[in-house]
Amino acid sequence: MKKRFLFAILLQFATVTVFAQSEKLPRIAIAGLGIESSTFSPAQSTEEAFHARTGDSIFSRYPFMTAGSNERTRAEWVPILVGKSLPGGIVTREAYESLTGQILKMLEENGPYDGLFFDIHGAMSVVGLDDPEGDLIKRIREVIGTEPLISTSMDLHGNVSERLAKHSDLITCYRMAPHEDANESRQRAVDNLLDRLESGKGKPKYKAYVPVPILLPGEMTSTRIEPGKSLYAEVPNVANQEGVIDAAIWIGYAWADEPRNHAVVMVTGDDKEKVENGAERLAESFWDVRESFEFVAPVAPLNESLDMALASDKKPFMISDMGDNPTAGGAGDVTWTLAKILARPEFKSEQGPSLIYASLPGPQLIKEAVKVGVGGKVSAPVGAEVDDRFAPPIPLSGTVEAIKQGDVDAETEVVVKVGSVHVIVTKKRKPYHHTSDFTDLGLQPKKSDIIVVKIGYLVPELYDMRGDWIMALTPGGVDQDLQRLGYKRIKRPMFPLDKDMKEPDLSAKMIPASDTL
């Protein structure tokens with residue numbers, strides 16, 4: 001009796017084991033290129049800027065994909081190539097074709113696939129090529145076929161062309177600006193993909209697409225304040241319905257001049273009525289509040305901003321040097337603002353109000369600073385090697401107070417004291433977003449009277465640090481005065497460029513499934 005019972009148990013275990021082994025995990029590739037690139041800047045972005053990762057090194061980009069994590073164990077992952085660049089100028093055609101060629105070659109060598117996690121930003125511009133993300137996904141489809149599910153993850157400041165929408169099966173974007181939910185959004189894109197593969201439901205039955213003729217800068221559409229806060233609060237109400245997979249609103253990218261640059265709403269799912277109605281509801285909500293968007297902080301010309309900072313007892317007083325913001329696509333080397341600061345008499349003496357300026361590239365000064373070391377005197381030009389339209393290079397003379405080498409973006413950073421101003425000079429451009437970006441250079445940002453940063457809206461650490469804050473209307477490749485940019489190719493009419501435009505048709509367009517193209 002005992003032998004028979006033991007045999008039955010062993011037989012059952014063997015059956016379960018064989019069954020488990022026969023259930024293959026889905027094979028999912030990971031690939032993508034991400035950059036926000038301004039066509040109004042003379043800068044160009046090269047392949048090096050993307051810091052492309054291949055193979056298992058890609059997993060470290062995603063906190064939810066650590067070894068043993070839920071997502072990691074639910075699929076056989078095939079990490080191909082993911083390249084992410086700091087925002088910058090238009091991408092050279094050579095860089096785009098090289099990176100795209102590598103992705104396509106590796107996809108071909110490692111197939112077949114059940115799915116692909118397409119991790120992009122959505123605002124890449126390439127010399128001589130419209131809609132690069134749409135081009136890339138189309139070329140990926142030519143390699144992997146139309147059957148695999150592609151789940152596309154994007155920044156809400158990206159652009160969704162119909163071509164990108166057609167070749168994506170699942171698509172989502174951030175719901176917060178600043179992007180505190182970036183990893184959460186990427187995880188949602190991965191989970192949506194895994195859920196559809198595991199359930200056998202496959203491609204969604206419906207994809208509703210609504211172009212919204214609005215083009216606004218991110219500094220006017222932050223979800224920290226109204227109406228962006230309430231607008232994006234509506235997204236989960238649509239996305240969480242039975243029969244809906246996801247919903248998203250893209251603000252779009254204001255500093256590129258292509259027909260695809262405008263806002264978009266997309267909803268995906270299996271319930272046609274909920275998908276269609278949800279997309280139209282979100283689009284109409286966006287249109288209805290268009291006149292209510294305003295800058296997330298007070299704005300003023302630079303001199304007025306400096307006057308306010310000097311008169312304030314709230315420290316540190318933050319000034320956003322918006323026009324050359326490298327995290328929106330500015331060249332990052334416009335010298336106009338620093339030249340105005342150094343010309344002010346208040347900052348001529350070492351005993352003047354303390355001001356930190358972050359930052360300007362100056363490879364020649366970096367070389368001199370490394371030679372003389374901390375405490376030495378340097379004199380060399382900085383800035384305006386790329387964008388000299390508004391001011392020439394600054395002949396900067398001062399004392400070297402810090403040198404830091406090995407930064408992933410800047411490579412080498414130097415602090416030069418000029419009067420009461422601490423100027424951060426870099427070998428290559430770098431955004432300054434974290435307290436440690438300053439303290440690692442021996443600076444005390446919280447004790448400084450004024451901090452001027454090349455940025456638009458303040459990212460969380462700077463926002464929390466501020467005593468007060470104003471956004472300065474400065475010139476550059478991401479000028480906040482869109483009327484001055486001189487668009488030639490975007491679709492018109494477009495709000496706010498054409499304020500008296502007629503009510504647009506916000507009916508949802510149903511995008512065909514990728515395997516029917």
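**Figure 1. The charged end of arginine 72 sits over the ring of phenylalanine 59.** In this predicted model, the distance from that charged end to the centre of the phenylalanine 59 ring is 3.6 Å. A charge and a ring also meet at lysine 430, which lies over the face of tyrosine 432. Here the distance to the ring centre is 4.7 Å.

**Figure 2. Phenylalanine 40 and tyrosine 487 form an edge-to-face aromatic pair.** Searching the whole structure gives eight aromatic pairs. In the one formed by phenylalanine 40 and tyrosine 487, the rings are 5.3 Å apart, centre to centre, with 90° between the planes. Phenylalanine 40 belongs to the loop between β2 (37–38) and β3 (44–45), while tyrosine 487 belongs to the loop between β21 (468–472) and β22 (509–510), so the pair ties together parts 447 residues apart in sequence. Both phenylalanine 40 and tyrosine 487 are buried.

**Figure 3. Phenylalanine 286 pairs edge-to-face with phenylalanine 293.** The ring centres of phenylalanine 286 and phenylalanine 293 are separated by 5.8 Å, and the angle between the planes is 70°. Phenylalanine 286 counts as buried because its relative accessibility is 1%. Phenylalanine 293 has a relative accessible area of 7%, so phenylalanine 293 is buried.

**Figure 4. Tyr62, Phe64 and Phe117 make up one aromatic cluster.**

**Figure 5. The largest pocket holds about 1,500 Å³ of space.** Its lining consists of 46 residues, and those nearest the centre of the pocket are Leu86, Pro87, His179, Thr327 and His433. Two or more lining residues come from each of α6 (182–199) and α13 (460–465). The largest share is that of α6, with three residues. Sorted by class, the lining of the largest pocket contains 20 nonpolar, 14 polar and 12 charged residues.

**Figure 6. The second largest pocket has a volume of about 650 Å³.** A set of 23 residues lines this pocket, with Gln44, Glu48, Ala49, Lys428 and Arg429 nearest its centre. At least two residues of the lining are supplied by β3, and at least two by β6 (88–91). The lining of the second largest pocket is made up of eight nonpolar, seven polar and eight charged residues.

Terms used. Residues are numbered from 1 along each chain as its sequence is written. This is a predicted model: local features need pLDDT of at least 70, side-chain atom pairs count only at pLDDT 80 or more; totals for chains, interfaces and linings use all residues. Side-chain values use heavy atoms; hydrogens and water are left out. Rings of Phe, Tyr and Trp (its six-membered ring) pair if their centres lie within 6.5 Å; planes under 30 degrees apart count as stacked, over 60 as edge-to-face and the rest as tilted. Helices (H or I, at least four residues) and strands (E, at least two) are DSSP runs, numbered from the N terminus. Buried means under 20% relative accessible area, exposed over 50%, partly exposed in between (1.4 Å probe, protein chains only). A charge sits over a ring if NZ of Lys or CZ of Arg is within 6 Å of the ring centre and within 35 degrees of the ring normal. On a 1 Å grid over the protein atoms alone, a cavity is a set of points where a 1.4 Å probe fits but cannot get out, and a pocket is an open set with protein on both sides within 12 Å along at least five of seven lines; lining residues have an atom within 4 Å of a point. Grid points are joined across faces, edges and corners, and a volume is the space filled by probe spheres set on the points. Ala, Val, Leu, Ile, Met, Phe, Trp, Tyr, Cys and Pro count as nonpolar, Asp, Glu, Lys and Arg as charged, and the others, Gly among them, as polar.
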